[in-house]
2 protein chains.
Amino acid sequence: MPETIEDLNCRGYRFIQGDGCFRFGCDAVLLSGFAKVKKNEAALDLCCGTGIIPVLLSAKTLGRRFAGIEIHERSADTARRNAVLNGIADKMEIITGDVKDIRNLIDNASFDVVTANPPYIRAKDGVTNAGEHSSAARHEILLTLKDVISAAAWALKHGGRLYMVHKPERLVEIVNLLTEHKLEMKTLRFVQAYADRKPSMALIEAALCGRPQLTAMPPLVIYKTPGVYTDEVIKIYDGRPMGADL
Amino acid sequence: MPETIEDLNCRGYRFIQGDGCFRFGCDAVLLSGFAKVKKNEAALDLCCGTGIIPVLLSAKTLGRRFAGIEIHERSADTARRNAVLNGIADKMEIITGDVKDIRNLIDNASFDVVTANPPYIRAKDGVTNAGEHSSAARHEILLTLKDVISAAAWALKHGGRLYMVHKPERLVEIVNLLTEHKLEMKTLRFVQAYADRKPSMALIEAALCGRPQLTAMPPLVIYKTPGVYTDEVIKIYDGRPMGADL
């Protein structure tokens, strides 16, 4: 698919993607609406791809610094071009590297917020082509859930928050891995296509060394009726068309 | 409160409660609607009180045997009278005893299903009066969450299912304790008073040595509008008034 520049419908922000890079989906946009970055906080996105989450968080929050780690060179380059395109190169840094190698890439306890939209599918669960990075973005070829959570625990300050989007099917594994890494799940919100449909995604907030007490939220429902978004989704999405990945 | 006999609006079943015993709430009724007892299965209710869950499961399912453990002598007696009242004394057995002592009360791996509507509140979290059994039913004075899950793991056959209702706030602790006891959470359904309100309860199904794969359900919503139940709740509840504990 050729490279495109899309209008993000948010404070004039635009976004380059395509040309062989994994295109962002609605999960990334919903995660950017769920994550809270407070004034002057520093946020790191793991596996940032072409930078949609750092760019959207920069547009939507008063954070001071937005970083991303991306293993795929071309995606990382595109992410840097997205920073320049939006005039935020001074506060957005993209590190080309492997999240598994985070201990050599960034300092311990150096971020207030970590975001992650990691691959959902266990490598063994589907037919994959390890040579394709779009396959790597969907399958745990390069990175397991444990790698992601371990990296978040390394990067976060005491009390810092991880915001992650993942599949409800894997919630038990997620909770166990969070606990193992001293990350306490503080908020859980399922995402459903319709009010009476099973959740297809889980939005999770976890705090490093947080006090045990979960807030479960009512589900985020995408559609009122076929093709008609709920008001909450329109607010998050600002009218742009959503992916068909729900 | 004096003793009362209520019509359970289900196949003519009636129910004695009161006279100093903890009165059943809507959580017990919703749990009885969530639990699946297949034909000829044996089901055990932990902390059965006056026996509402065994009685409702007997009314609603084709299970072969319904047992309950209850530490409070008067409640256990009332549960036995409820079995007689409904003509199910031949298949409903109430054991007076402490769930913590389950290894001396019932055989290991002897039940297909365990149900539990345990105390929700940590003993240290609220002012309690340890002398009152209605307080014991709400607070973890006599029994912790770990005691309940450990007892379920003892009682269940390989592949057997635990159905529990608890507070969403404690989901992380629940998942960790289930995992510790080889119980895999298979289904999670939150209960909400209204569609846009935070969940107030969590209905959980876990299988002993089950394969990891959670099914998250859309929430069970209680009210369409104030005082008007949703169709699903009417079906579960059969028109009886619900408690104000949502």
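**Asking about terms in a predicted model**

Visitor: What makes residues count as being in contact with Arg80(B)?

Guide: Leaving aside neighbours within four places in sequence, Arg80(B) is in contact with Glu73(B), Ile94(B), Ile95(B) and Thr96(B). Contact means heavy atoms within 4.5 Å, so each of these four residues is in contact with Arg80(B) by that cut-off. This is a predicted model, in which local features need pLDDT of at least 70 and side-chain atom pairs count only at pLDDT 80 or more, while totals for chains, interfaces and linings use all residues; side-chain values use heavy atoms, with hydrogens and water left out. Residues are numbered from 1 along each chain as its sequence is written, and chains are lettered from A and ligands numbered from 1 in the order in which they are written.

Visitor: Why is Arg80(B) called partly exposed?

Guide: Its relative accessible area is 30%. Buried means under 20%, exposed over 50%, and partly exposed in between (1.4 Å probe, protein chains only), so Arg80(B) with 30% is partly exposed. Arg80(B) lies in helix α3 (residues 73-85) of chain B.

Visitor: What makes α1(A) a helix, and how is its packing with α2(A) described?

Guide: Helices are DSSP runs of H or I with at least four residues, strands are runs of E with at least two, and both are numbered from the N terminus. Helix α1(A) covers residues 26-34 and helix α2(A) residues 52-60; their axes come within 9 Å and cross at roughly 35°. Axes are lines fitted to C-alpha atoms, for helices over the stretch in contact, and angles run from 0 to 180 degrees between N-to-C directions.

Visitor: Which hand does the crossing of α1(A) and α2(A) have?

Guide: The crossing is right-handed. A crossing is right-handed if the near helix is turned clockwise from the far one by less than a right angle, and left-handed if anticlockwise. Ala28(A), Val29(A), Leu31(A), Ser32(A) and Gly33(A) of α1(A) meet Ile52(A), Ile53(A), Leu56(A), Leu57(A) and Lys60(A) of α2(A).

Visitor: What makes a residue in that contact polar or nonpolar?

Guide: Ala, Val, Leu, Ile, Met, Phe, Trp, Tyr, Cys and Pro count as nonpolar, Asp, Glu, Lys and Arg as charged, and the others, Gly among them, as polar. By class, the contact has seven nonpolar, two polar and one charged residues.

Visitor: Which residues of α7(A) are called buried?

Guide: In α7(A), residues 171-180, they are Leu171(A), Val172(A), Ile174(A), Val175(A), Leu177(A) and Leu178(A). Their packing partners include β8 (183-192) of chain A and α6 (171-180) of chain B. In chain A, 56% of the 246 residues count as buried.

Visitor: Which residues touch the most other members of the largest nonpolar core?

Guide: Leu46(A) and Leu46(B) do, in a core of 78 residues. A nonpolar core is a set of buried Ala, Val, Leu, Ile, Met, Phe, Trp, Tyr and Cys residues joined through side-chain atoms within 4.5 Å. Beyond neighbours within four places in sequence, the contacts of Leu46(B) include Ile69(B), Val99(B) and Val148(B).

Visitor: What is the average pLDDT of chain A?

Guide: Chain A averages 90, and 88% of the residues score at least 70. pLDDT is the predictor's confidence in each residue, from 0 to 100. Over residues 127-131 of chain A the pLDDT is below 50. Where pLDDT is low, the predicted coordinates should not be read in detail. The model scores ipTM 0.89 and pTM 0.91.
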